[in-house]
Amino acid sequence: MAKLVINEENRLGRIEPEIYGHFSEHLGRCIYEGIYVGEDSKIPNVNGMRTDVVEALKELKIPVLRWPGGCFADEYHWRDGIGPKEKRKKMINTHWGGVVEDNSFGTHEYMELCRQLGCKTYVNANLGSGTVQEMSEWVEYMTFKGVSPMADLRAQNGHEEPWTLDYIGVGNENWGCGGNMTPEFYGNEYRRYQTYVRNYDAAKPVQKICCGANVDDYEWTKGVLSTTFYHGKEAHGFMDGLSLHYYTHPNGWEEKGSATDFDEETWYKTLKKALYMDTLITRHGNIMDEYDPEKKIGMIVDEWGTWFTCEPGTNPGFLYQQNTVRDALVAGITLNIFNKHCDRVKMAALAQMVNVLQAVLLTEGEKMIKTPTYHVMHMYRHHQGADLLESSLCDVGETGIGEWTVPEVTESVSIDSSGVITITLNNLSIEQEKKVDVQFANCGYKVTEANIVTGNDMRDHNTFDAPENVTEKTFAGYRETAEGLSVTLPVNSVVEIRVSR
């Protein structure tokens with residue numbers, strides 16, 4: 001039997017709500033058909049935003065939404081997406097699918113979406129093919145209140161009052177699709193570009209995100225930080241975050257494998273690669289500690305999730321994939337890792353929100369379904385803004401096949417402002433249920449809520465004909481004990497248990 005020891009007297013740090021953020025790129029059917037259908041659509045909408053999608057996303061308490069990319073961001077010119085829609089520039093989306101981008105979803109539509117969701121804003125600006133002036137004027141257009149050409153232009157386009165811009169990414173993946181730059185070159189470009197991201201409202205400063213590494217490119221992290229911390233000058237103030245991108249795909253970049261047709265070995269291979277996120281955060285974090293020992297600069301994992309071969313018969317440039325119990329476990333594992341590293345990880349964004357990669361929602365015409373990943377993020381929403389508690393697993397064995405072995409259980413524990421403790425547990429085994437003895441420092445806790453996401457088979461997923469194969473259900477596999485709880489985790493399951501005194 002495994003033992004989870006929780007010291008509720010020791011709070012280790014705040015789990016920022018933004019860790020549970022999302023990403024929406026002009027890619028496939030994420031924006032168009034997924035989120036935005038236009039004001040004249042027969043699909044119910046408010047100002048063009050699908051009502052069913054917005055209402056489902058609001059249930060997740062989405063804290064922040066990143067837009068417009070991704071690779072798309074470094075060829076996006078924001079002026080193409082403002083003004084009368086019939087006059088907006090049409091272009092070919094050369095990154096994703098070769099389809100026509102009509103720019104009917106632009107800055108005003110994005111801000112309207114965030115208003116409906118009640119979330120913070122995070123735009124990724126064009127450093128790769130754009131200019132300092134273009135970036136600076138976009139910030140002015142969005143946030144300046146007063147007499148200026150950009151404020152006047154915003155008013156002419158129907159929005160007199162400025163918006164709040166919470167975060168701006170100064171470029172995206174500039175080691176690759178954002179310009180194939182060296183870290184030193186990008187670091188100097190970042191210093192220049194961020195200078196002109198003005199804080200027009202001192203009460204609402206724009207937080208600036210520097211482009212960080214792809215996976216385990218530690219030399220990029222060192223190179224960018226050594227450049228931005230020029231002659232030892234403290235970078236905090238012109239850098240609030242450093243990004244990290246990591247996707248989980250079991251069979252390598254070229255042959256990612258099917259989202260729904262996989263065997264037991266591939267199950268464990270996928271979960272082991274999901275667990276690699278912990279190594280990446282630790283090692284990149286160690287480098288950041290050399291320059292930023294006080295952890296003023298957040299690690300921003302603004303692209304993460306599974307990436308499989310797209311569904312047969314779909315446009316390969318649209319990256320549309322199904323979502324199974326395996327994705328649910330990847331989500332549970334990854335979010336537990338983020339929680340555990342809340343001292344350094346301050347924001348993250350699941351890629352992507354609708355119809356692309358590890359989406360929480362899938363749409364088909366007027367239909368919409370929630371994926372297993374959606375239900376996991378719905379359970380984990382209780383960690384948002386809570387304090388991480390000291391917790392450790394003892395006597396946990398390993399499970400797997402061959403070299404692809406993983407811990408039987410992963411966990412994280414938090415306590416919210418009202419004293420409710422949220423425990424999230426993952427059973428990574430597809431063969432054996434796992435008993436976990438939960439012990440608290442104090443006695444007298446009672447279960448107030450318990451839920452589970454699992455399936456009869458590791459490949460189970462929701463379809464438009466059967467939308468509730470995998471859902472969030474009430475969990476009864478526990479009993480209260482003198483020291484805490486005795487929990488039995490079913491195979492391939494993600495469990496949430498909430499207790500209070």
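Start with Cys394: is Cys394 buried, partly exposed or exposed? Cys394 is partly exposed, because its relative accessibility is 29%. Bear in mind that this is a predicted model.

Next, Cys119. Here the closest cysteine sulfur belongs to Cys114, at 3.8 Å. That is still too far for a bond, because the cut-off for a disulfide is 2.5 Å between the sulfur atoms. Cys119 counts as buried, because its relative accessibility is 11%.

The disulfide joins Cys71 and Cys177, with an S to S distance of 2.2 Å. The link is left-handed, with -90° about the S-S bond. Cys71 and Cys177 sit in distant parts of the chain, 106 residues apart. Cys71 is in the loop between strand S5 (64-67) and strand S6 (91-92), while Cys177 is in the loop between strand S9 (167-170) and helix H5 (183-195). As for cover, Cys71 is buried at 11% relative accessible area, and Cys177 is partly exposed at 29%.

Glu403 lies in the loop between strand S17 (398-401) and strand S18 (404-407). Glu403 counts as exposed, because its relative accessibility is 59% and the cut-off for exposed is over 50%.

That is what I have.

Methods
Residues are numbered from 1 along each chain as its sequence is written. This is a predicted model: local features need pLDDT of at least 70, side-chain atom pairs count only at pLDDT 80 or more; totals for chains, interfaces and linings use all residues. Side-chain values use heavy atoms; hydrogens and water are left out. Helices (H or I, at least four residues) and strands (E, at least two) are DSSP runs, numbered from the N terminus. Buried means under 20% relative accessible area, exposed over 50%, partly exposed in between (1.4 Å probe, protein chains only).
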